[in-house]
Amino acid sequence: MAIVSHLAPFPPGFKPEWRDMLEKNVALYRRMPEDLTLCVEELVPWFIEKVNWEWAPWAGPKPNEEMAKVCVSFLACVMVVNRSKKDLAHFHTFVFHPSSLKDDSGTWAGWASRSGKIEQSWPSTRQGMEDGEDNYCVTLHEFAHMIDYRDRTFESVPHFDCSAARREYEAFLKSEYQDICDAWEKSSGCNAVRKYATTDPAEFFTCATESFLEISLLLEFLRPQLYDWMKRIYGMDPARWP
C-alpha cells in the first residue's frame, strides 16, 4: 500500500475517497513509496480541473466516472511529478471510449494527438492500470507521447533544460533504438522493451516509459543504460521501490 496510514494528510483538493479508488484500481499507486505518492496526489486536483473530460457514446455498463478520471490523472501526474507541469501544458482533452478505437490503419487501445488530445479504450485503460507488471499501460504510453509533443516534435525526445544533455540523449537514442530493433529480429527478442517500440522510432520513448515504471528491475538488468536515462528523465528510481 502506497499510503501506510489513511491518517496521512490529504493534499488540498484531494478527496479522501480518491485514495481508496487508487489503492483498489491502480497497481502503480500501491507500489510507489509514500513520500512520492503524496507529491503525486498534490497534482491530481490540478490535473482533473485542467482537463476537458469526454465520454464517447456508450453501450453497456459504464465505469464510475470520478474513479476513471482520478486513476488516469494519477498516472499522468506520476510522469511529471519530478519534471514540470509544462510537459502537459498543451494537453487539454481526454476521451473515454467503450471499446477499441479504429481507423483505416487498424485497431488501437488509444492514441494521442499533437493538438493536445488523448482518446483511449476504457477496457485497455482499466487493464493497464490494474496490472502493473505486464509491461503494458496505455495511459502511461499515451501520456509519454504527450510529453514528447511538448517541443512540437514526435521523435522520442522529451524536453531537456540542458541542450548538451539533449544531444547526449539523442546520440544514445539512435544507437539504443537500433540495438533493440536488432534484438527483436533475433529469436530471443528483447523482453525489456516490448516489440511495438520497433514499429517506429516515435514509439521508443513511450514503450521505454512503460518498461521503466512496470518492469523496472528487468529493464535495469537487461538495458542498464536505457534505465539510467529514464531515471534521469523522470527523476525517480522505481527499481529501488519496495
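Predicted model: local features only at pLDDT ≥ 70, side-chain atom pairs only at ≥ 80, totals over all residues.
**Largest pocket**

The largest share is that of α6, which provides 4 residues. In terms of residue class, the lining of the largest pocket is made up of 10 nonpolar, 5 polar and 5 charged residues.

**Cysteines**

A search of the whole structure returns 0 disulfides. C137 accordingly takes part in no disulfide, and the nearest cysteine sulfur, that of C71, lies 11 Å away. For C181, the closest cysteine sulfur belongs to C190. The separation between the sulfurs of C181 and C190 is 9.8 Å, which is too far for a bond, because a disulfide requires a pair of cysteine sulfur atoms within 2.5 Å.

| Residue | Relative accessible area | Class |
|---|---|---|
| C137 | C137: 2% | C137: buried |
| C181 | C181: 13% | C181: buried |

Are C137 and C181 buried or exposed? C137 has a relative accessible area of 2% and is therefore buried, since the class applies under 20%. C181, at 13%, also counts as buried by that cut-off.

Definitions and conventions. Residues numbered from 1 in each chain as written. Heavy atoms only, no water. Helix = DSSP H or I, 4+ residues; strand = E, 2+ residues; numbered from the N terminus. Nonpolar A, V, L, I, M, F, W, Y, C, P; charged D, E, K, R; others polar. Buried < 20%, exposed > 50% of the residue type's maximum accessible area, 1.4 Å probe, protein only.
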